[in-house]
Every structure is written in structure tokens, then in C-alpha cells.
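Please look through the sequence and the model below before reading on.

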Amino acid sequence: MKNIKDYNLEELKEQLKELGEKPFRAEQIFQWLYQEKVQSFDEMTNLSLELREKLKNNYTICNFNILKKQESKDGTIKYLLDVLDGNAIETVLMRYHHGNTICVSSQIGCKMGCKFCASTGIEFIRNLSCGEIVEQIIKVEQDTGERISNVVFMGIGEPLDNFQNVVNAIHLINYHKGLNIGARHISVSTSGIVPKIYKLAEENIQCTLSISLHATNNEKRSQMMPINKAYPIEELLQACKDYIAKTNRRISFEYALAKDNNDNLEDAKQLVKLLKGMLCHVNLIPINKIENGKFDKSSNENIIKFRDYLNEHGIVATIRRELGADIDAACGQLRRKNLEGR
Ligand code: SAH
């Protein structure tokens, strides 16, 4: 059955026409789905019983089950969500002073194979649909009763490897009759699929693009991230420059610091060389060690030195706060699971 959250308003109007209904019903359904956030068609009380039956017979409302919920001592919550086909994904709610941020998954599994990330290495199952991405936000808002103000595509999966569904989801998240979250409060993080960065620039959405850079030369980056063999650093940065020129948006470069790998001042120096003059910001992430992973976290002292070097040389850099590490909800720690919990 079709997931009703996979449609934008115009498409849903078309669907209703096909069912022999008036298009304005789509507006009412949207209101129930995205403002009231109801979990069943029966709650859509301004629709006739007959229409509700028709909807039930033709669509699912995609109401994920919460299989597990873990709360960190810093207030971060990690959800294990049953996506209703025997698979489960993780979604994380982070509470910052400036509001609630949700970290959504875009795929069940990941094909990228980054050596430091727990989301990979396990089998790739499938893309999440637009509605399944949006449902993660709805579910967490419902569960906590709290408004979510920021969305980051930094959960399981490579968002640009699921391009159209992710772009559709961004539109639905942003749309004033959808979840109504400002485009500037939405970040898409990519390991660097260059042709899709050009394509995203064409979409002209005012979202933030984050690039997982993590190394300053191709040899090192390829060792950490196999995708670099297909799209080396020079090509990646060229695509970033194009993105900035087209969107006028500042890019955020993510750089996970691993002890004795990419965390010495020579790396910082190279990073300054690469990024000098670009409209950008560097987000330093103390790397989280994963099971059987060969990368260890840099010392705090090194991380601070690295940040200071960048800042002193004209590159704005901040250190990402580590939230949820005690519940394996921090960067790189999310995994897909099947329902046996494996
Ligand atoms: N596939 C996308 C988004 C998911 S990862 C991407 O690669 O960007 C979100 C961020 O967490 C990325 O910057 C990723 O490189 C980083 N990350 C992955 N594993 C990590 C780890 N073990 N420690 C710290 N950051 C990690």
C-alpha cells in the first residue's frame, strides 16, 4: 500500500481526484498529518466515514512503532523505530539551548563504507521513502510533546545516495503546510557524492550542506572513506565552490579528529590551505571509537590546538559537543537493526 506521507500537497490533491474526491480534502488531510500529527485516519474527524474508509483501503499512514527509547544523561534521546517491514532504524533527538535538533536516517544501512562509522559495514537494505524520513520527525515530536526546530540528515545512510526522496522530504519538512521548519534549519551531510552536490545546488533550497571531509590529502582520505577514490578532494571542493556560488550558503566541513591519523598541526595547516577564501565553517568532531574500529579519539588538548590553529589562520572552527555518547547515539554510532535486535 502507498504511504500517504510520500506525497506533497499537489500530488495528494491528484490522488484525491483519482478517488473521486474534492482536492481541498488534501488540505484537510495535510492539516491532520503535519499540524495535528494524528496516528490514524479515524482521527481525521472532519472527513466523512466513507472517505476515511477509502483512505484506509488505499494508503497507510506510516505510523512507526517505537521499539526502544534510550535517554542519555545529557537529555539526548535515541529511538529505535520499527519501519514496519521487519527493519528498524535509529533516530536521535538532541536538546540544545537554541532548540531541539533531530538527527534523521535516510537509508536502511549504508553503502559508503567509511572506516570509522558504525552505520556501514553492515548490509545495505534499501532507501527510506520521503514519508519514512518525515515520519521520524513526527514520531519524536509526538512522543516528547516538544517542538523540533532543526533537522540534520546525519543518521544512518548517505542522503545524496537517496537523492530524490531526501529532496522531497526536505520540501515537506520546510513547507508551511507541512512541518514548517525553516530551510536554514535543515542540514544535509554528505560523504561527498560530487555529481549530487551539483544537483542539490540546482534545487536551490536554502538548506545547509555539510561535507564529511576528515582528511586533507587523497591518500589519507581514501583510506578513511572509499568514496574518495571515485571523487577526490579537488573535485569535491570544486563542487562545494559551485554550491556556494549558486546558493550563497556557507558550507560546513566536518572533520572527525582521530589520534595520530589526521589531528596534528601539519593537517591543520593543510586544511587552512584547502579551505582558505571559501565561505565555510569547520565543525571538528572528536571521533567516536566504534567496535573493531582502528581510529581512536584525539586528546582534548590536540582538539583544542587544532581548533585554535584554524581560527588563528582565518578559518572559523568549532568543536561539536558530544551528545549521547553514553547511549551510543553520538556521530558514527548509529546502526540499522532487524527486529531480532541484531
Ligand atoms: N553519510 C553522511 C551522513 C551521516 S554521518 C555523511 O557521511 O556525511 C554524519 C557525520 O558523522 C559525518 O560527518 C560522519 O563522517 C561523522 N561520523 C561517522 N562516524 C563517526 C565517528 N565514529 N566519530 C565521529 N564522527 C563520525
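This is a predicted model: local features need pLDDT of at least 70, side-chain atom pairs count only at pLDDT 80 or more; totals for chains, interfaces and linings use all residues.

With which residue does Glu90 form a salt bridge? The partner is Lys78, and the closest N and O atoms are 3.2 Å apart. A salt bridge here is a side-chain nitrogen of Lys or Arg within 4 Å of a carboxyl oxygen of Asp or Glu. Glu90 lies in strand β5 (residues 87–96) and Lys78 in strand β4, so the pair ties together parts that are twelve residues apart in sequence.

Residues are numbered from 1 along each chain as its sequence is written, and side-chain values use heavy atoms, with hydrogens and water left out.

Both Glu90 and Lys78 are buried; for Glu90 the relative accessible area is 3%. Buried means under 20% relative accessible area, exposed means over 50%, and partly exposed is in between (1.4 Å probe, protein chains only). The side chains of Glu90 and Lys78 also make a polar contact, at 3.2 Å. A polar contact is a pair of N or O atoms within 3.5 Å; within protein, one must be able to donate a hydrogen and the other to accept it, and residues adjacent in sequence count only if both atoms are side-chain atoms.

By the salt-bridge rule, the count comes to 26. One of them joins Glu10 and Lys13, with 3.7 Å between the closest N and O atoms. These two residues are three apart in helix α1 (residues 9–18), which means that about one helical turn separates them. Glu10 counts as exposed because its relative accessibility is 51%, whereas Lys13, at 18%, counts as buried.

Another salt bridge links Asp326 with Lys73, and here the closest N and O atoms are 3.7 Å apart. Asp326 is in the loop between β14 (317–319) and β15 (337–338), and Lys73 is in the loop between β3 (65–71) and β4 (77–82), so this pair ties together parts that are 253 residues apart in sequence. Asp326 is partly exposed, with a relative accessible area of 43%, and Lys73 is exposed at 78%.

Next comes a lysine in a helix. Lys139 belongs to helix α4 (residues 130–144) and is buried, at 5% relative accessibility. What does the side chain of Lys139 join in a polar contact of 2.5 Å? It is the side chain of Asn63. Leaving aside neighbours within four places in sequence, Lys139 is in contact (heavy atoms within 4.5 Å) with Gln39, Asn63, Phe64, Ile66 and Leu81.

Phe163 is another buried residue in a helix: it lies in α5 (residues 163–174), and its relative accessibility is 6%. Apart from neighbours within four places in sequence, Phe163 touches Lys196, Lys199, Leu200 and Glu203.

Helices can also be considered in pairs. Two packed helices are described by the angle between their axes and the distance between the axes. Helix α6 (residues 194–203) and helix α9 (residues 233–247) pack at an angle of about 0 degrees, with their axes 9 Å apart. Axes are lines fitted to C-alpha atoms, for helices over the stretch in contact, and angles run from 0 to 180 degrees between N-to-C directions. That makes α6 roughly parallel to α9. Angles under 35 degrees count as roughly parallel, over 145 as roughly antiparallel, 65 to 115 as roughly perpendicular and the rest as oblique.

Among the α6 residues that meet α9 are Val194, Ile197 and Tyr198, and on the α9 side they include Leu236, Ala239 and Tyr243.

The last topic is the backbone. Most residues other than glycine have a negative phi. Asn204 has a positive phi of about 50 degrees although it is not a glycine. Asn204 sits in the loop between α6 and β11 (208–212) and is exposed, at 51%. Asn248 likewise is not a glycine and has a positive phi, of about 65 degrees. The loop between α9 and β12 (251–257) holds Asn248, which is exposed at 65% relative accessibility.

Methods. Helices (H or I, at least four residues) and strands (E, at least two) are DSSP runs, numbered from the N terminus.
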